[in-house]
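Here is a short report on one protein model. Look over the sequence and the structure first, then read on.

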Amino acid sequence: MAFTIRQLQFFIAVAEQGTVSGAAQNLSISQSSVTEAIKELEGDLGVELFERHPRGLNITHKGHQFLRHATKILADVSDARRAFFGEQAAAGGRLQLGVTSLVAGYVLSDLLARYRRAYPGVEISAIEDNGDYLEHLLIGGKLDIAVMVTSNLRDRTALQSEILEVSAYRLWLPLGHPLAGADIIGIGDIASEPLIMLTVDEIEENTGKLLAAIGAKPHVAFRTRSVEAVRSLVATGAGVALLPDLVYRPWSLEGDRIESRDISGSLPVVQVGMVWRRGSGLPQAARDFIGLAQSQRMVRQRPEKIGR
């Protein structure tokens with residue numbers, strides 16, 4: 001195989017944006033450059049990474065599998081660069097982390113894996129809980145940093161935050177659902193649909209507000225704290241879900257397909273970021289964690305600089 005770092009960066013951007021135009025805009029390059037890179041990458045791998053349709057691209061099952069490898073490769077490259085620039089720390093220390101349920105497996109896992117590789121001497125302890133309790137622990141000095149949904153951060157005077165990802169809400173549908181073929185889907189179109197409701201962070205609250213804005217009461221078919229349960233229930237036709245794109249995957253654990261579609265109108269977004277106590281003297285381990293997270297965000301936002 002002869003794929004390049006640049007091709008991997010373009011592939012990840014398309015997978016995240018869902019369209020070539022969106023990826024090109026995010027990368028500040030031409031659409032033709034992105035299209036050509038994806039075609040060359042598919043040729044090298046011998047598989048189709050995306051299914052093309054009039055509204056954009058859907059990542060295939062093979063593409064979804066390769067996405068994890070591509071993301072890890074870029075993270076390893078970044079780690080290698082840090083090591084050569086003398087940023088790898090052999091020193092010890094202790095890092096106390098907090099994380100909310102929604103982001104534990106979708107943001108923190110990769111970030112924590114990179115941190116462990118870069119700073120193997122640091123002892124890490126982590127706790128998963130709701131946002132309110134994590135804020136309480138941060139203010140009380142029991143945690144150094146929390147990786148959490150910051151859209152609904154309560155005490156902004158005592159806490160400082162930095163956004164890592166912004167994720168829009170989209171509609172999850174089973175394969176073949178009538179709405180999957182609609183050119184435009186509005187909130188009103190899903191008012192009568194059975195909803196699979198995820199009950200972590202502010203998801204249920206936001207979904208209720210969206211439907212209340214059109215005078216509709218949510219028709220909740222199932223409530224769960226498990227994203228995997230949502231995937232399985234949607235894929236098997238038990239209902240639809242309105243969730244941030246951050247947690248979308250096109251397949252359930254059973255291998256059933258899940259469609260994702262944009263909703264017209266003004267929808268909220270989920271902001272995920274790091275939070276720490278304002279004005280506190282963070283230990284070196286915590287400062288290193290923040291620096292690594294910032295570098296990973298820069299890789300995702302400006303990937304064209306990595307290959308130089």
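## Inside and outside

Buried residues account for 47% of the 308 residues in the protein. Keep in mind that this is a predicted model. The accessible surface comes to about 14600 Å². Carbon and sulfur atoms hold 51% of that surface.

## Overall build

The protein has nine helices and eleven strands. Its radius of gyration is 20 Å, close to the 19 Å that the globule rule gives for 308 residues, so the protein is as compact as a globular protein of that length. Along the principal axes, the C-alpha atoms fill a box of roughly 55 × 50 × 35 Å.

Next come the contacts. Take those between residues at least 6 apart in sequence: 74% of them join residues at least 24 apart.

The protein carries 33 positive and 35 negative charges.

| Property | Value |
|---|---|
| Accessible surface of the protein | about 14600 Å² |

## One residue up close

Where does arginine 68 lie? Arginine 68 is in helix H4, which covers residues 61-84. Is arginine 68 buried or exposed? The relative accessible area of arginine 68 is 68%, and exposed means over 50%, so arginine 68 is exposed.

Now pair arginine 68 with valine 147. The two are 79 residues apart along the chain, and their C-alpha atoms are separated by 21 Å.

Conventions:
Residues numbered from 1 in each chain as written. Predicted model: local features only at pLDDT ≥ 70, side-chain atom pairs only at ≥ 80, totals over all residues. Heavy atoms only, no water. Helix = DSSP H or I, 4+ residues; strand = E, 2+ residues; numbered from the N terminus. Rg over C-alpha atoms; globule rule 2.2 N^0.38 Å. Buried < 20%, exposed > 50% of the residue type's maximum accessible area, 1.4 Å probe, protein only. Contact = heavy atoms within 4.5 Å. Areas by Shrake-Rupley, 256 points an atom, 1.4 Å probe, with all protein chains shown as cover. Lys, Arg positive; Asp, Glu negative; His and termini not counted. Charge placed at Lys NZ, Arg CZ, Asp CG, Glu CD.
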